[in-house]
Amino acid sequence: MKLQMNRFWDTQSKISVPPKFALILSILGLLGIGWITFLWKLGSVGLVDETEPLFAEAARQMVVTGDWITPYFNQETRFDKPPLIYWLMAIAYQIFGVNEWAVRLPSALSAIFLMGFVFFTLLYFTIPHSSIPSEINELDPPRNIPRKAWFCAGLGGAIAAVNFQTIAWARIGVSDMLLSACMGIALLAFFWGYASSQALQTSENQVKTSLPSTVLTADIWYIIFYSFIALAILAKGPVGIVLPGLIIGSFAIYLGQVKELWREIKPLRGILIITIIALPWYLLVILANGQTYIDTFFGYHNFERFTQVVNNHSEAWYFYFLVILTGFAPWSIYLPIAIARLRFWKRSRWQNQPRANHLGLFALFWLSGIFIFFTVAVTKLPSYILPALPAAAILVTLFWSEESFKTDRDRKPDRFSLFVGVSIIGNLILFLLMATALLYITRLLTPDPAMPEFPMVLTNSGLIERGALILMASALIGVILVLKRQWRWMMAVNMAGFLAFFMLAVMPVYFIFDSERQLPVRQLAEIIAQVKQPEQQVVMVAFEKPSLVFYSHQPIQFFRRSNHAREYLQELAAKNPNLLPFLVLGYPDKIKGLEIPNPEAYQVIAERGNYWLVEMPKQLFLPEGIGMKDEK
């Protein structure tokens, strides 16, 4: 047995570090990456209009009113999303206070937990288990885990975190990252149960096995799977069960294990778990709001989004190819070859392998299932593809780990190795293209009336040149590595280059964006909170800025057109002769568009950025009042 173990360690590059030390080091490394990408300066910028403040204010209203069933925004029900994200934000408010950090903390923690789950899954299922001697494999993990597994798991966890899409949605207080984490953990828990079931069956049949023993039994993993499906339903709705069902169903059909899996997962137990966790809130919100909730949430925000274009979010059929290429950069360049290496067209080959070897195949069904589903859907948004990215990270990690540990003897020139070289070159070209695009970005920016000076401020900051320089330097280091045949370090270059780009270029630009676009709204919200009297009406005439409601803690009436705002104010003035003066916020041209005959009749209280806050007496909107001004 000693000889067999020694041969095994030789083939797996000889572990020299104690397992506990490797585990602690890996966890600390991933926590460090998680802190940089998700928690670093998380609350240092204001909420970003338009979507984020809708969630933040709905959660704040739950704390203020004590109604944790029906979400409200700006004195109206908000049935866009189920309550889980609101509940988590509300809990964070009660612990950390009502601030940006608390708003975004659930998203950031969701990303960190998902990253950790990807790490531990890859740690256990990286090595083909049919090649591991059973005497070794019978030991409890994480003992005797080869260096390749540690490398693969650490790389996979990092890739799952360090990409544009994940970072963007993990640092904003909306429900997308929460859904991605709930669905990702559910699917990974299913795979653990799926792999553990075969190990249990083999052990019961008293046949020597090379499958890994896991910490929990298959039944426990399936319970975790169902629990997180229920949480996904509470995070986003029916899509939380529909997508995992499609992914697992197609995976089972491909392997010819439908009946076998149906018995293993015990769907009746699963329905009971999901019903206990997810159903009560849906029943309570329907009892409280009736058909209105059903029509709005299930009809408009689910069925119509899939079958019709909602809010003008229509894109071409190839939209998600572009989203993955850019949003999962720089790792996306390796996805085609990572998929090809699976040779998924060889069905019998996969059917004859142990379940523990199916992680790559499962990740392929995971990625393609979500990709196809949302490509078919008529309404398209970049965030919809976010739950597919953990699967993409697993695929790229398994491919790169396999390539990195090949010896020169194993590396035979063939068509596949040619594509590896092409992918590496593509990686370098992608960096150069990103650098070039940065240098032209100010020419591509469309004018935004909320921040007209932003292009000039960004140009003068030097951050564009800094970001382009970081990307070019990463490409240059990559070229040197390729020329020296040290291409195995390309992943390290990608990781270091991306983190440097994020910390030294992206975040400083984000602060400029905040100071130009969001800071004036926050400042005016504070002024409104100070000067507004009870029962006084506040109207905004511009693009809708929900953050004004969150920061002022006051209801706001929004109008994009001046004539609509004027008609609203005229109607209010006619109905109630005792109204206090109106507070009107907007762009100067929008306020002038109210067609007040005498501009001296209203008072400009404050000017911030490209906004005015003015006080207008109600007489200005009464026909007799306007006539009196004209006579004078």
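Two strands are taken as paired if DSSP finds at least two bridges between them, and the strands themselves (E, at least two residues), like the helices (H or I, at least four), are DSSP runs numbered from the N terminus. The model looked at here is predicted, so local features need pLDDT of at least 70 and side-chain atom pairs count only at pLDDT 80 or more, while totals for chains, interfaces and linings use all residues. Residues are numbered from 1 along each chain as its sequence is written, and side-chain values use heavy atoms, with hydrogens and water left out.

Strand β7 (residues 611–616) has a partner in strand β5 (residues 582–586): the two run antiparallel and are joined by 5 bridges. Strand β6 (residues 603–608) also runs antiparallel to β7, again with 5 bridges. L613 of β7 turns up in both pairings, as the bridge partner of L585 and of A606. The hairpin of β6 and β7 has 2 residues between the strands, and G609 there takes a positive phi near 60°. Of the 6 residues of β7, 5 are buried, so the strand is largely enclosed by the rest of the structure; buried here means under 20% relative accessible area (1.4 Å probe, protein chains only).

Turning to the helices, α15 (residues 319–327) packs against α18 (residues 359–376) at an angle of about 135°, with the axes 9 Å apart. That makes α15 oblique to α18, oblique being whatever is left after under 35 degrees (roughly parallel), over 145 (roughly antiparallel) and 65 to 115 (roughly perpendicular). Axes are lines fitted to C-alpha atoms, for helices over the stretch in contact, and angles run from 0 to 180 degrees between N-to-C directions. Y320, F321 and I324 of α15 meet L367, F371, F374 and T375 of α18, contact meaning heavy atoms within 4.5 Å.

Key
Buried means under 20% relative accessible area, exposed over 50%, partly exposed in between (1.4 Å probe, protein chains only).
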